[in-house]
Amino acid sequence: TVGAIGYGAYEIYGKRHPLEQKPFDPKKRTVVVLGSGWGAVSFLKSINTDDYNVMVVSPRNYFLFTPLLPSCTVGTIELRSIMEPIRFITQHKSRNVKFYESECTDIDPESKTISITDVSDIKGSVSNTTVPYDYLVMAIGADNQTFGMAGVREFACFLKEIWDAQKIRTRLMDCVESAGFAKQAPEEVDRLLHMVVVGGGPTGVEYAAELHDFLKDDLEVWYPELADKFRITLVEALPNVLPMFSSQLIQYTESTFKQNKIEVLTKTMVKEVADKEIKVMDANKNLVSIPYGLLVWATGNCPRPLARKLMARIKEAQTSPRGILVDDYMRVAGAPDVYAIGDCTFSKYAPTAQVATQQGLYLASVFENLARMEEGQNKKITPFEYSHQGSLAYIGSDKAIADLPFLNGNVSVGGVATYVFWRSVYISNMFSFRNRFLVVGDWMKSKVFGRDVSR
Ligand code: FAD
Ligand code: MG
Ligand code: MG
Ligand code: MG
Ligand code: MG
């Protein structure tokens, strides 16, 4: 914490006014970064702007600390506490970093230009343009996987962006208040209070865990007449949840969920999504209808339209439908001077913030070496190597699980101590001192006053 406070002082006193930063230098190469998530921000934090002009294009003008997003769906943490404006992040740079709040809609690797569109509802007179680049860094993340199933986009809530968490929180409270409406039929009350989560990966599990805590700690207190009617069901197609964790921790999670009355339906495939129910094929191959009030869809990633468009343009080199193929130096196959990092790539690693961060740091060091080599220095560019720091997940009732590489082996731990560890890891990894301060404040606030049940 002393280090954190020291760093906070740096953030507060070390910041630069944009006018004190150097302007773009036409003699330097321009690096355009697409995205403002984990990959983009870790690249931006360490790219040396003495060597390059840097420009960022992203439809959102902030970084989002995704690991704490599930906590925002129930109000343990407030949304703004896990957002950090991109301009705050780039203020420490020696050269001003240009930011355009817009979506990149096309990449032309031949003319080395990108097309960008203002994402605003209140556009100015120019809302589409093209921008040239010398180097392009794609860190656009991924889309939600729906398997092309009708009804998912229309009726389910995803959990990836700020507005997803907002929508879940609003819909949850809407269900609860409507269930409490005068003369509501008992089967309708049961439906409205049935929260269904599809997908047993970390996002689905952590969301179910947060929802459980909210029901136990707050909703059952404020809505005593509904207390015994709340239900949470988690649907997973595979034989177990959290396949990336050790079997011991999978068992621990499943037994904690059982104690917490979260029903886990494994080997269960969603077949149809309608506005008030889903149809699933259960483990015995029976088609079963599950009525729900709130449906959260967390079944993983698929490539975004922009990634698909680029892959189609250079399809001789891009042979995987699952993501952008890159080499060990994060170079996009078939597109010179285009790099890709994080969830938008097809890689041997899991799509995690941990991977995206390490790739962003790596790429900034490659750019540093390229600049030194141009000055005649003897530098060598080595391939990217991932170093796994472990996997952590919150599973509810103040318990977390962790698989940590340790002395060439692996430790699997679970419980309340792990949860304290989980919190401190996240807090110390949180990007800015300001965010740390806000999140700790939110945690204290919800401990003292309980979570806010307003819609
Ligand atoms: P993102 O962080 O998704 O960033 C993509 C960026 O690109 C965004 O700013 C987006 O607005 C922008 N963008 C999109 N389209 C365009 C376009 N056309 N043009 C320009 N910009 C565009 N990982 C962990 O390691 N640990 C965890 O505990 C963890 N918890 C998670 C919890 C949740 C709820 C979620 C959703 C994810 C979690 N992850 C976790 C995974 C982690 O968030 C992702 O792996 C990580 O965000 C990937 O980084 P990225 O930079 O590739 O993509
Ligand atoms: Mg990114
Ligand atoms: Mg992100
Ligand atoms: Mg805008
Ligand atoms: Mg209502």
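**Close-up views of a predicted model**

**View 1. Strands β11 and β12 lie side by side in the parallel sense.** In β12, Val264 is the bridge partner of Leu234. Strand β11 covers residues 231–235 and strand β12 residues 262–265, and four bridges join the two; helices (H or I, at least four residues) and strands (E, at least two) are DSSP runs, numbered from the N terminus, and two strands are said to pair if DSSP finds at least two bridges between them. Together with helix α9 (residues 247–259), β11 and β12 make a right-handed β-α-β unit, where right-handed means that, with the strands pointing away from the viewer, the path from the first strand over the helix to the second runs clockwise.

This is a predicted model, in which local features need pLDDT of at least 70 and side-chain atom pairs count only at pLDDT 80 or more, while totals for chains, interfaces and linings use all residues. Residues are numbered from 1 along each chain as its sequence is written, chains are lettered from A and ligands numbered from 1 in the order in which they are written, and side-chain values use heavy atoms, with hydrogens and water left out.

**View 2. An open sheet is formed by four strands with parallel pairing.** The strand order is β12-β11-β10-β16. At the edges stand β12 and β16 (294–297), each of which pairs on one side only. From one strand to the next the twist averages 15°, with axes taken as lines fitted to C-alpha atoms, for helices over the stretch in contact, and angles running from 0 to 180 degrees between N-to-C directions. Helix α6 packs on the sheet, where it touches β10 and β16, and its direction makes about 155° with that of β16; contact here means heavy atoms within 4.5 Å. Strand β10 (residues 194–198) pairs with β16 over four bridges, and Val198 stands opposite Trp297 in β16.

View 3. About one helical turn separates Asp174 from Ser178, because they are four residues apart in helix α6 (residues 162–179). Asp174 counts as partly exposed at 33% relative accessibility, and Ser178 also counts as partly exposed, at 26%; buried means under 20% relative accessible area, exposed over 50%, and partly exposed in between (1.4 Å probe, protein chains only).

**View 4. Thr418 is a buried residue of helix α12.** The helix spans residues 416–429, and Thr418 counts as buried because its relative accessibility is 6%. Leaving aside residues up to four places away in sequence, Thr418 touches Ala400, Ile401, Ala402 and Val413.
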